Amino acid sequence: MKPPVRVKICGITKKEDALRAVEFGADALGFVFYKGSPRYVRLDVVKSIISELPPFVTTVGVFVNEEPSGISEIIGAAGIDVVQLHGDEPEGICSLWPRVVKVFRMREFTDLKPLERYKVSAYLLDTYSPDLPGGTGQIFNWDIALEAKRFGPVILSGGLTPDNIDKAVRWVHPYAVDVSSGVEKEKGIKDEEKLRLFIERAKSVFP
């Protein structure tokens, strides 16, 4: 029997949202350290949130074209488990940390070509936008995600909401799903009901 899909709630900026997501069954929480994002969160806030999390919850630091030394300093200080690279990082730096998720932005099947060069823990597929590195709130062709599974574990992102998450999981059977704007009431602040419904519906597809 296929296990339930793993759920990552990204763009956490408040302790209350983090604890609520975990209570509802989230497997991972994402913290954005990119200052250009409306979901940017300071290191001291992340440290405070992580210190109150129960065990066995994975914490993910999201970075966009950050210097490797800066990434190492932040994850060491905060106690971050996984590095997520959301920019134009070269494949060489992905070996600097034990667990790395590399983000690729999808428009068409040819956008999968760069995945061949990267050896990482998982490939997060998001929707391409010329203006934003992430958080577009738009979906892409999920058949591209199906094809991407030949490279390794796929984390599906981009425009996922409580209304489409069950269809997405049934279609792609991804390793995990990632949501940020789809469970918000405003940028950086989660909506409790959307959060609950998203996690519940994602995990009920393969109970």
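Reader: Which residues have the most contacts inside the largest nonpolar core, and how many residues does that core have?

Author: Bear in mind that this is a predicted model. The largest nonpolar core has 59 residues, and Ile9, Leu29, Phe31 and Val177 are those with the most contacts inside it.

Reader: What is Phe31 in contact with, once its neighbours within four places in sequence are left aside?

Author: The cut-off for contact is heavy atoms within 4.5 Å. Phe31 meets that with Ile12, Val41, Val46, Ile49, Ile50, Thr59, Val60, Gly61, Val62 and Ile80. There is also a second, separate core of nine residues, including Val82, Val101, Ala122 and Leu124.

Reader: What makes strand β2 largely enclosed by the rest of the structure?

Author: Five of the five residues in β2, residues 28-32, are buried, so the strand is largely enclosed by the rest of the structure. That goes for both faces: Ala28, Gly30 and Val32 point one way, Leu29 and Phe31 point the other way, and all are buried.

Reader: Which strands pair with β2, and in what sense?

Author: On one hand there's β1 (residues 6-9), joined to β2 by two bridges and running parallel to it. Two strands pair if there are at least two bridges between them, so two bridges are enough for β1 and β2. Lys8 has Ala28 of β2 as its bridge partner. Then there's β3 (residues 58-63), which pairs with β2 in the parallel sense over five bridges. Phe31 stands opposite Gly61 in β3.

Reader: Which helices make β-α-β units with these strands, and of what hand?

Author: Helix α1 (residues 15-24) makes a right-handed unit with β1 and β2. Helix α3 (residues 68-78) makes a right-handed β-α-β unit with β3 and β4.

Reader: How do you know that β4 pairs with β3 and β5?

Author: The bridge counts again. Four bridges join β3 to β4, which run parallel, and Val62 has Gln84 of β4 as its bridge partner. Three bridges pair β4 with β5, also in the parallel sense, and in β5 the partner of Val83 is Val100. With a cut-off of at least two bridges, both pairings therefore count. As for the side chains of β4, Val82 and Gln84 point one way, Val83 and Leu85 the other way, and all are buried.

Reader: What makes Cys10 and Cys94 buried?

Author: Buried means under 20% relative accessible area. Cys10 has 7%, so it is buried. Cys94 has 5%, so Cys94 counts as buried too.

Reader: Why is the contact of Glu52 with Lys15 called a salt bridge?

Author: Their closest N and O atoms are 3.5 Å apart, and the cut-off is within 4 Å. Therefore the pair passes. Glu52 lies in the loop between α2 and β3 and Lys15 in helix α1, so the pair ties together parts that are 37 residues apart in sequence. Glu52 is partly exposed at 40%, and Lys15 is partly exposed at 32%.

Reader: How many salt bridges does the count come to?

Author: The count comes to 15. Asp17, Arg20 and Glu192 are linked in a network of salt bridges.

Definitions and conventions. Residues numbered from 1 in each chain as written. Predicted model: local features only at pLDDT ≥ 70, side-chain atom pairs only at ≥ 80, totals over all residues. Heavy atoms only, no water. Core = buried A, V, L, I, M, F, W, Y, C linked by side-chain atoms within 4.5 Å. Buried < 20%, exposed > 50% of the residue type's maximum accessible area, 1.4 Å probe, protein only. Right-handed = clockwise from strand over helix to strand, strands pointing away. Salt bridge = Lys/Arg side-chain N within 4 Å of Asp/Glu carboxyl O.
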